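Try each task before reading its solution.

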Amino acid sequence: MSVVVYLLALAVFAQGTSEFMLAGLVPEIAAGLSVSVAAAGSLTSAYAVGMVVGAPAMALLSRRWSPRSALLAFLSAFLVAHVVAATTGSYAVLVATRVVAAVANAGFLAVALGTAAAMAGPRNTGRAISVLLGGVTVACIAGVPGGALLGQVWGWRAPFWAVAAVCVPALVAIVRAVPRAPAEQPAPAGAWAELAVLRRPRLRLVLLLGALVNAATFGAFTYVAPVVTEVARLGDGWVPPALALFGLGSFAGVTIGGRVADRPGSRRTLAALTTALLAGWVLTALLAHRPPVLLVLLAVQGTLSFAVGSALIARAVQAATGAPRLAGAYATAAMNAGAAAGPWLAGAALTAGHRAPLWVSAALVAAAAVTAAAAVAVSRPRRFAARR
């Protein structure tokens, strides 16, 4: 695996930390800017929307740029947005910086996914993408708790400065390590040709499945705290370890998912992992009142969620051949559409109790499994007819 992929993962770590760190900073931001807690919490939604819209828009904008130029431009914009966020006293400006950072993040990730896949080659696409997504999982394990700690000690602005600081070595690494125009990078296709790739049924199916699985993952992850404290009856001090267990599992999961995606004929393995993921969410919902079982299941579900999710993202990039820049954008948009929809659906279900988000996650994975099974059932007669 090229060292460049690991260097790109450093930038993804900074971006993943930024995306999720507000979960531990909302009260401080609300107090510091004299806004409501709900208003401070809406900054997360602004970021998610920016990611969904920004991925295809920025990929199209930078389509004729070299990978290095695009990566540098997006990461520089991301860094500047965090410097402005760390110095502003205006809530409106802070909202604007979150949108700008999200759009830049989406553009960077879209280009990075395509660049990593091109440099790794078809046989190692899944592994390369798993390394990139590993930056997100490390952010969940270390970056988000670290940001919360910085916010408690030095105020809510400190984590924004820290994210900006982490971007600096990533920028230097991109300048030194990412080629101006890799030999294996195909010539830019026409914009309409790249957009037309989205008509492929297989690509649309994989994107839908990825969005559903990611919605399940982040729907449950967002509400781990009330499950731990209200259902398992553990103290607040158990919330960080519970999140860390999920994060550690996710780190293992992206490695598994990358290897699954690279194996030819691995559809059965992916189906088995999806079935296990569904069973796991059902068991978690049923047994969440038992603390030892809950903690073990959180680690298991973190592993299964990211194994299935990262494998589907890799499959989406592989299925979007002919769209070297938009392949990553499609995967990024689907992933973040799920990340935005999952917490909203899970939050809407909270009126039914603190276990409800877990049942929502189970339902979303079930929907993915049924959709995949239906697609296979429809395609089999067509393949049979074609052979005749």
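## Exercises on a predicted model

In this protein, 84% of the contacts between residues at least 6 apart in sequence join residues at least 24 apart. Keep in mind that the model is predicted.

**Exercise 1. Find how many helices and strands the protein has, and what percentage of its residues is buried.**

Solution. Start with the secondary structure: there are 15 helices and zero strands. Then turn to burial, where under 20% relative accessible area is the cut-off for buried. By that cut-off, 52% of the 388 residues are buried.

**Exercise 2. Describe how helix α1 and helix α4 cross, and which residues meet there.**

Solution. First locate the two helices: α1 covers residues 3-21 and α4 covers residues 67-87. Their axes come within 12 Å and cross at roughly 35 degrees. The crossing of α1 past α4 is left-handed. Next, list the partners. From α1 come Leu8, Ala11, Ala14, Gln15 and Ser18, and they meet Leu71, Leu75, Phe78 and His82 of α4. Sorted by class, this contact has six nonpolar, three polar and no charged residues.

**Exercise 3. Work out why the buried residues of helix α2 lie on the same side.**

Solution. Begin with the buried residues of α2 (residues 26-33): Val26, Ile29, Ala30 and Leu33. They share a side of α2 because they cover an arc of only 100 degrees around the axis. Finish just after the helix, where Ser34 takes a positive phi of about 55 degrees.

**Exercise 4. Decide whether helix α10 is largely enclosed or open.**

Solution. Go through α10 (residues 224-231) and pick out what is buried: Val224, Pro226, Val227, Val228, Thr229 and Val231. That is six of the eight residues, so α10 is largely enclosed by the rest of the structure. Just after α10, Arg233 has a positive phi of about 60 degrees.

Notes: Residues are numbered from 1 along each chain as its sequence is written. This is a predicted model: local features need pLDDT of at least 70, side-chain atom pairs count only at pLDDT 80 or more; totals for chains, interfaces and linings use all residues. Side-chain values use heavy atoms; hydrogens and water are left out. Axes are lines fitted to C-alpha atoms, for helices over the stretch in contact, and angles run from 0 to 180 degrees between N-to-C directions. Helices (H or I, at least four residues) and strands (E, at least two) are DSSP runs, numbered from the N terminus. A crossing is left-handed if the near helix is turned anticlockwise from the far one by less than a right angle, and right-handed if clockwise. Contact means heavy atoms within 4.5 Å. Ala, Val, Leu, Ile, Met, Phe, Trp, Tyr, Cys and Pro count as nonpolar, Asp, Glu, Lys and Arg as charged, and the others, Gly among them, as polar. Buried means under 20% relative accessible area, exposed over 50%, partly exposed in between (1.4 Å probe, protein chains only). The arc is that of the directions from the helix axis to the C-beta atoms.
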